[in-house]
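The stops below are given in the order in which they may be selected.

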Amino acid sequence: MSANRKAQLKAKKVRYIAVDTEKDAKTSQQAKKSVMVWDTDKHQIANDKVYDIQKSPPVGQTAKFDRYSAEYVGSGS
């Protein structure tokens, strides 16, 4: 993720971001993407879950993943 994008997230005080991850054999057939939630305060993944989503939200939109409200950043570019 670019330094500019990181600065934007920090300015908005975004704690959790949802980032694309690789699909694997456990990925649902209906899933268009798999995402994980990253904790920007702790600089680590928020949990060990991978969320299979049928439709990804637009980049910059907040979505709910379990108990996390995370801004979707896609691949982070």
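Helices (H or I, at least four residues) and strands (E, at least two) are DSSP runs, numbered from the N terminus. The model is predicted, so local features are held to a pLDDT of at least 70 and side-chain atom pairs to 80 or more, while totals for chains, interfaces and linings use all residues. Residues are numbered from 1 along each chain as its sequence is written, and side-chain values use heavy atoms, with hydrogens and water left out.

**Stop 1: two loops.** Select Asp 66, in the loop between strand 5 and strand 6. Its phi is positive, about 55°, although the residue is not a glycine. Most residues other than glycine have a negative phi. Asp 66 is partly exposed, with a relative accessible area of 44%; buried means under 20%, exposed over 50%, and partly exposed in between (1.4 Å probe, protein chains only). Next select His 43, in the loop between strand 2 and strand 3 (44-45). Phi of His 43 is also positive, near 60°, and this residue counts as exposed because its relative accessibility is 59%.

**Stop 2: the largest pocket.** A pocket is an open set of points on a 1 Å grid over the protein atoms alone, where a 1.4 Å probe fits, with protein on both sides within 12 Å along at least five of seven lines; lining residues have an atom within 4 Å of a point. The volume, the space filled by probe spheres set on the points (joined across faces, edges and corners), is about 340 Å³. Helix 1 (residues 3-11) contributes the most to the lining, with 3 residues.

**Stop 3: strand pairing.** Display strand 1 and strand 2, which pair in the antiparallel sense over 6 bridges; pairing requires that DSSP finds at least two bridges. Asp 20 stands opposite Val 35 in strand 2.

**Stop 4: the largest nonpolar core.** Select its 11 residues: Tyr 16, Ala 18, Val 35, Val 37, Tyr 51, Ile 53, Ala 63, Phe 65, Tyr 68, Ala 70 and Tyr 72. Such a core is a set of buried Ala, Val, Leu, Ile, Met, Phe, Trp, Tyr and Cys residues joined through side-chain atoms within 4.5 Å. Strand 6 gives the most to this core, with 3 residues. Finally, centre on Ile 53, which touches Ala 31, Lys 32, Lys 33, Val 35 and Phe 65, not counting residues up to four places away in sequence; contact means heavy atoms within 4.5 Å.
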